[in-house]
Amino acid sequence: MNEAVDVVIVGAGAAGSYFAAKLQGAGKQVVVLEAGPERGLEDLVSSSIWARRLKWGGPPVDSQGVPIGHNVNFGWGLGGAALHHYATWPRFAEETFHIRERYGVGLDWPIAYDDLRAHYDAIQREVGIAGDAEDEPSRPPGEPYPLPPLPVFAQGERLKAGFDAIGVDVGALPAAILTRAYNGRDACIYDGWCESGCPIGALANPLVLHIPEAKRLGAEFRTECAATGVLTDETGQARGVRYVDAAGEVREQHADVVILAASCVQNPRLLLASAGAKHPDGLANSSGLAGANFMVDGLAAVYGLFDDPMENVFGVNAGQLFHRAAYEDGRARAPGAYQWQLAPAIKPNDLAGIAGARPDLIGPDLHDFMRRAAHGLAVAAGFASTLPDAQNRVELSSETDSTGTPLARVVYRNAPEAEALWAHIAAEGVAAANAAGAREAWHGRPAPVHISGGTVMGDDPARSVTDGYGRTHDVSNLVLAGAGLFPYTGGSSPTFTLYALAHRTAEHMIEHWSEYAA
Amino acid sequence: MRLNRRNFLKQSAVGALAFKVGGAVVTASPAHAYAEDFPMQVLSAEERAALEAFGDTILPGAAQEGLAHFIDSQLAAESADSLLIIRYLDVPPPYAGFYKAALAALDAAAGGRFADLSSADRLALARRMGAGEVAPWRGPPAAFVLFVLRMDAIDVVYGTEAGFDRLDLPYMAHIAPPARW
């Protein structure tokens, strides 16, 4: 039996490590359980091949319907998905929080942009974001960025001319990537290895942010410790977490507060796997919505092949330039909100690599394409938003993992509106690439990215799983963290909002501790 | 070093590809393993032949770069440590079953051994796989098999420092991958 602590956190990714640092810093004793392995900066080898070890390597997830790309989107080990994320960090648009109230679709957040604004500002100061608040399309109000925007290479300049020509305004891309040294971390050198993990820490990742901070303050991280369920007492309150350690021993970690920060899939899996006498349908599931409203944005990769060098190996994976179409703007052109990221640094191999641009080519034709595209390919990545749908959900499978815990099954389908929006974005991108003077322009097939929802927050306990802080409606000392809380994203990259929300909740927990630990 | 699972995994984890050769663990690049004809650990001789012939069809030079040795070494490792792109593609581990079924289907579709086909027939069959026009096809979906093996071939030919050199691209590593890749 481990000694009881104040807080036990499941998951050592962006949200889990943030809560660990801030709660430990406020004098709470924190233990973090991470199913994956220990990781250090030395593990972040610059290689799309070796980087595969950073992606999900835990119990398989059964995917039914439209594939969600679970394993490539989620992380594994200290740092989680934030270790390989691209660090595109826009604030969510103001309308994103009120999409039902304004347009009669989807779900509203229980909070407004103004409730998060100061927290975006605070995270931005702490982490460091490069951008240009004046030049960024659809940026809501807030402090200017602490760092100048990313440099624009030939690929970005060329694509910008094309988007300008078709009337789509593109500007500085907000990125949690240091364009100058900041808070003891070095500046980016634009070698395009973001997805392999950034060992110099120019790209914000938990191994240079909150994991060392939390450890220095005394938090304990236990790796290769897979949570199998939340323990509850006779009143139905959480009293800790049951887990299987690296040696295969079943253990318990008791705590006054339990925080699940184990991803949009693993959080609902744990809730549903924690069914008991007081909650026969799963923990925090009186609404029947634990696992529901799971969302996946659709990536439209658009390619243009140019005769002159695009300098496409340089920069960052997030891209160089940015556009966001609000739901209101988009309705005139397309059924939904979306986001463009122009000119990512690309490498020859991997899903987002040069070879992936023309999956139909084989044989000598493939070598010919690789030689031309290695220098002449430009890429624009469009992200189609998706609306929450209670039928898109995480469930428990009838199969179990090695600990006997049921596996997660994700059931997902695309709404016709989402497919129409994706088609609109793909066509818009091809038009822009042609307007930019590409010799050839085309788009790829839809790819699943930006996973969110599954345990959404809301005011009504009958229609949501948590309140506006992520505290479950049913269990007052059980807090959920991460993008699973989002009722809607507007197609925007989720990580900055994940941190802003964590900042807000951590502050609230510290100020109102007795309400959480009661 | 004596061969046992712990040593083998340790070698795999430190950042080089590990091969079992004559009762010992050897770290080497896939191209070196191919040149030295290291034995397969998971795949059979027939599966290796089909894989190398198919690799050279969809990306000429892939066999010599050690496509079969790369895949075989990863099939022998823990799936959580796998370097294969298939781990991204919602195929449940262990991944050996996918490769074995795919290669068996390939040989069957070739009417015996894929490696025995002429170059033109090999390319034609690969193109029909991409179009989903091979019937009967008894294995994982043919277009998906082509997609996965094509990405594996791209990894060994173009995903390394030597591969970047072939495209005249600077590699610019923060932390270089192991030389004995």
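The questions below start with the interface and end with helix packing in this predicted model.

Q: How do you know that chain B and chain A are in contact?
A: Contact means heavy atoms within 4.5 Å. By that rule, 48 residues of chain B are in contact with 49 residues of chain A.

Q: What is the area that chain B and chain A bury between them?
A: About 4200 Å². Carbon and sulfur atoms hold 66% of it. On the side of chain B, B:Y88, B:R150 and B:H174 supply 20% of the buried area, more than any other three residues.

Q: Why is the meeting of B:R127 and A:D365 called a salt bridge?
A: The rule asks for a side-chain nitrogen of Lys or Arg within 4 Å of a carboxyl oxygen of Asp or Glu. The side chains of B:R127 and A:D365 meet at 4.0 Å, N to O, so the pair qualifies under that rule. The count between chain B and chain A is two salt bridges.

Q: How many residue pairs are in polar contact across the interface of chain B and chain A?
A: The rule finds 21, with both residues at pLDDT 80 or more. On the side of chain B that touches chain A, the elements giving two or more residues are helix 1 (5-13), helix 3 (45-58), helix 6 (119-130) and helix 7 (142-158). Helix 7 of chain B gives the largest share, eight residues. By class, this side has 35 nonpolar, six polar and seven charged residues.

Q: What makes helix 6 of chain B roughly perpendicular to helix 7 of chain B?
A: The two pack at an angle of about 115°, with axes 7 Å apart. Angles of 65 to 115 degrees count as roughly perpendicular, so the term applies to helix 6 and helix 7 of chain B. Helix 6 of chain B brings B:A126, B:M129 and B:G130 to the contact, and helix 7 of chain B brings B:A142, B:A143, B:V145 and B:L146. These residues divide into six nonpolar, one polar and no charged.

Q: Why is helix 3 of chain B called roughly perpendicular to helix 5 of chain B?
A: Helix 3 and helix 5 (residues 96-109) of chain B pack at about 75°, with axes 10 Å apart. The range is 65 to 115 degrees, so this pair is roughly perpendicular. B:E46, B:E47, B:A50, B:L51 and B:F54 of helix 3 of chain B meet B:K100, B:L103, B:L106 and B:D107 of helix 5 of chain B. By class, this contact has five nonpolar, no polar and four charged residues.

Key:
Residues numbered from 1 in each chain as written. Chains lettered and ligands numbered in written order. Predicted model: local features only at pLDDT ≥ 70, side-chain atom pairs only at ≥ 80, totals over all residues. Heavy atoms only, no water. Buried area = accessible area lost by both parts, 1.4 Å probe. Polar contact = N/O pair within 3.5 Å; in protein donor to acceptor, adjacent residues only side chain to side chain. Helix = DSSP H or I, 4+ residues; strand = E, 2+ residues; numbered from the N terminus. Nonpolar A, V, L, I, M, F, W, Y, C, P; charged D, E, K, R; others polar. Axes fitted to C-alpha atoms, helices over the stretch in contact; angles between N-to-C directions. Parallel < 35°, antiparallel > 145°, perpendicular 65-115°, else oblique.
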